[in-house]
Amino acid sequence: MVENETIILSTTNLAIGYLTNRSKLVVASDINFELKKGQLIGLVGANGIGKSTLLRTIIKVQPVISGNITINNQDLISIDSTDLAKQLSIVLTEQLTSKNLSVYELVALGRHPYTNWIGNLTTSDENIVNNALKLVNISDLKDKKCFELSDGQFQKVMIARALAQDTDIIVLDEPTTHLDMYHKAYILKLLQHLAKETGKTILFSSHEIDLAIQLCDTMIVMTKEAVICDQPCNLISNGVFESLFPKDLISFDNATGSFRVSK
Amino acid sequence: MRSNKSYNKQLALLTAALLVCFLLNISLGSIRIPINEIVSGLYGSAENKTWQIIIQDFRLPKAITAILVGSGLGVSGLLMQTLFRNPLAGPFVLGISSGASLGVALVILGSGLFGGILATYLVSKWSIVIAASIGSLLVLIAVLAVSSKVRDTMAILIIGLMFGSITAAIVSVLSYFSTAEQLQQYIFWGFGSLSNLSWNELTIFFGLYVIGILLAIFSIKDLNSLLLGDNYAKSLGLNLKQSRMVIILSTSIIAGTITAFAGPIAFIGLAIPHLTRQIIKTSNHRVLLPAVCLYGSIVMLICDSIAQLPASDYILPINAITALIGAPVVIWLLVRQRKMMF
């Protein structure tokens, strides 16, 4: 099990936020965590605490304010976009410009970092795409157009696209929004399965704390005071979840590992 | 893949249709020339010498111009719609045609300022082409300079519209101080025209067109990434600023050249990509780009044939015909499909 201990992504004294011309707005600082190969990591926290900012900084959409992020022992800043595309893939909440593509075509876009100037798929590319479709159980949707799909199906397609990109890390920003309870559990369960099956490190942000506690290997909890990264059981016994939200409405029940509405 | 084959079949059919339209376009006009004579006329061996001249010096260059204009405007419209994620974008959203109009307006309307003798010299065919080129080139440089600074793609769209407003305002001021003849000449330029291009002009036109189209072909992969949105495209390793630059450059070269040689031809650039997406149901640019070229050429050839009013001496303004014929077709397609493909 030595391989499972390989650190894929780590941050040291990371501060995240927004840089404007004259000032910088720090959203969170002192972020230190290590994400290992084959792990499923859930990122939770209240609205506006900076979950998206953290993910956007990791996927290099936003600059690091201070400290650093290391991916496969390389500083994120020194990785150029073509190399990063082979190490990190993303699933975002934003709408696609066009859904007028077949599922296969969309998943095949994940091969772009590897294909030639006009995007020709080789046989091995096609195999990887088909394999990604199979892993996510959507091989039968292959020829459907993306606009014909339900939200749950479409989320699976986007996950398959990220898988086809064949990266060590997949980052998902709130993959369970707009989904019903069943599909929320289904998608997170699927991510857990994929992390085990493919050895990829999967980091997602979510408001489904209950589900995340049950499925994740590691969780990153963002509170106003600190950013804590640990195994879910340790987080519960340390009482981290209790400090997540103001206590006037909901409180965390250590016994069941879920939130209850205060009476 | 099954779907790829069906795309290829559609493209082959379109190519055949283009060939038919091409021959018909040459055949129809104030004098009708039989199709079999056209084929020999193209090789320079028509029996009738008049027909030979008509084909060689008038109809053939006009038909080629129609193909270049139709396919070029279609492609640049497609590039802009994908880049700006906006179904209302067309080749001229960046202010290219406004720049060209300003150049032409300065030459035609402003010629009074340069004095009488100079004026007649200035308002020749080439001076209009050059003025239009310089005008669109200046706008192009301004847009490129801005786009290298701006991070948000949508901002470029607004800036392009602003350039359009500025040039329109200057044209209004110029028109206010112009004579009726000058205004008429300016308006006639605005009607657009596919005829009157000599082989020399056509060679230059073709050369620039090829450069623009090559840039578009090199952008196919980037355009497909952009279908996912800017952030996804970046995560696939796309250099957003660079590919945006290439796409804008391609559009500007194509649309600028067309405006310089054929006038500001509206509608085609906006409508052809929609027409194509309604019929060939995909956004994959590897299929869409050639399809848009073919559809654009076919529609332009048909519009030109209608504008010539077969068997009469009248020629209607091409700009009016494209919208008169094209708009109902697009409306009909959208109503029939009940859904806009994008």
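Here are some questions and answers about this predicted model.

Q: How are residues, chains and ligands labelled here, and what kind of model is it?
A: Residues are numbered from 1 along each chain as its sequence is written, while chains are lettered from A and ligands numbered from 1 in the order in which they are written. Side-chain values use heavy atoms, leaving out hydrogens and water, and local features need pLDDT of at least 70, side-chain atom pairs count only at pLDDT 80 or more, and totals for chains, interfaces and linings use all residues, since the model is predicted.

Q: Which residues touch the most other members of the largest nonpolar core?
A: A nonpolar core is a set of buried Ala, Val, Leu, Ile, Met, Phe, Trp, Tyr and Cys residues joined through side-chain atoms within 4.5 Å. Buried means under 20% relative accessible area, exposed over 50%, and partly exposed in between, with a 1.4 Å probe and protein chains only. The largest such core has 92 residues, and those touching the most other members are B:Val69, B:Val75, B:Met80, B:Leu94 and B:Ile265.

Q: Leaving aside neighbours within four places in sequence, which residues is B:Val69 in contact with?
A: Contact means heavy atoms within 4.5 Å. With neighbours within four places in sequence set aside, the partners of B:Val69 are B:Leu194, B:Phe205, B:Ile258, B:Ala262, B:Ile265 and B:Met300.

Q: How many residues are in the second, separate core?
A: Its members include A:Leu55, A:Ala160, A:Leu190 and A:Leu235. The number of residues in this second core is 88.

Q: How far apart are the end C-alpha atoms of residues 9-249 of chain A?
A: An unreviewed UniProt entry gives this span of chain A the annotation "domain: ABC transporter". The span is 32% helix and 25% strand, and its end C-alpha atoms lie apart by 36 Å.

Q: Which side chain makes a polar contact with the side chain of A:Glu105?
A: A:Glu105 lies in helix H3 (residues 103-108) of chain A. A:Glu105 is buried yet has no salt bridge, with the nearest side chain of opposite charge, A:Lys145, 4.5 Å away; a salt bridge is a side-chain nitrogen of Lys or Arg within 4 Å of a carboxyl oxygen of Asp or Glu, and Lys and Arg count as positive, Asp and Glu as negative, with His and the chain ends not counted. A polar contact is a pair of N or O atoms within 3.5 Å, where within protein one must be able to donate a hydrogen and the other to accept it, and residues adjacent in sequence count only if both atoms are side-chain atoms. At 3.1 Å, the polar partner of A:Glu105 is B:Asn284.

Q: Why does the salt bridge of A:Lys196 and A:Asp217 tie together separate parts of chain A?
A: The two side chains meet at 3.8 Å, N to O. A:Lys196 lies in helix H6 (residues 181-198) and A:Asp217 in the loop between helix H7 (209-215) and strand S9 (218-222), so the pair joins parts whose separation in sequence is 21 residues.

Q: Are B:Asp304 and B:Lys62 buried or exposed?
A: B:Asp304 and B:Lys62 form a salt bridge, with their closest N and O atoms 2.6 Å apart. B:Asp304 sits in helix H14 (residues 285-307) and B:Lys62 in helix H3 (residues 49-83) of chain B, 242 residues apart. Both residues are buried.

Q: What is the phi of A:Asn137?
A: Most residues other than glycine have a negative phi. A:Asn137 is found in the loop between helix H4 (123-135) and helix H5 (151-164) of chain A, and counts as exposed at 52% relative accessibility. Although not a glycine, A:Asn137 has a positive phi of about 65°.

How values were computed
Helix = DSSP H or I, 4+ residues; strand = E, 2+ residues; numbered from the N terminus. UniProt positions renumbered as here; feature names shortened; annotations may be inferred.
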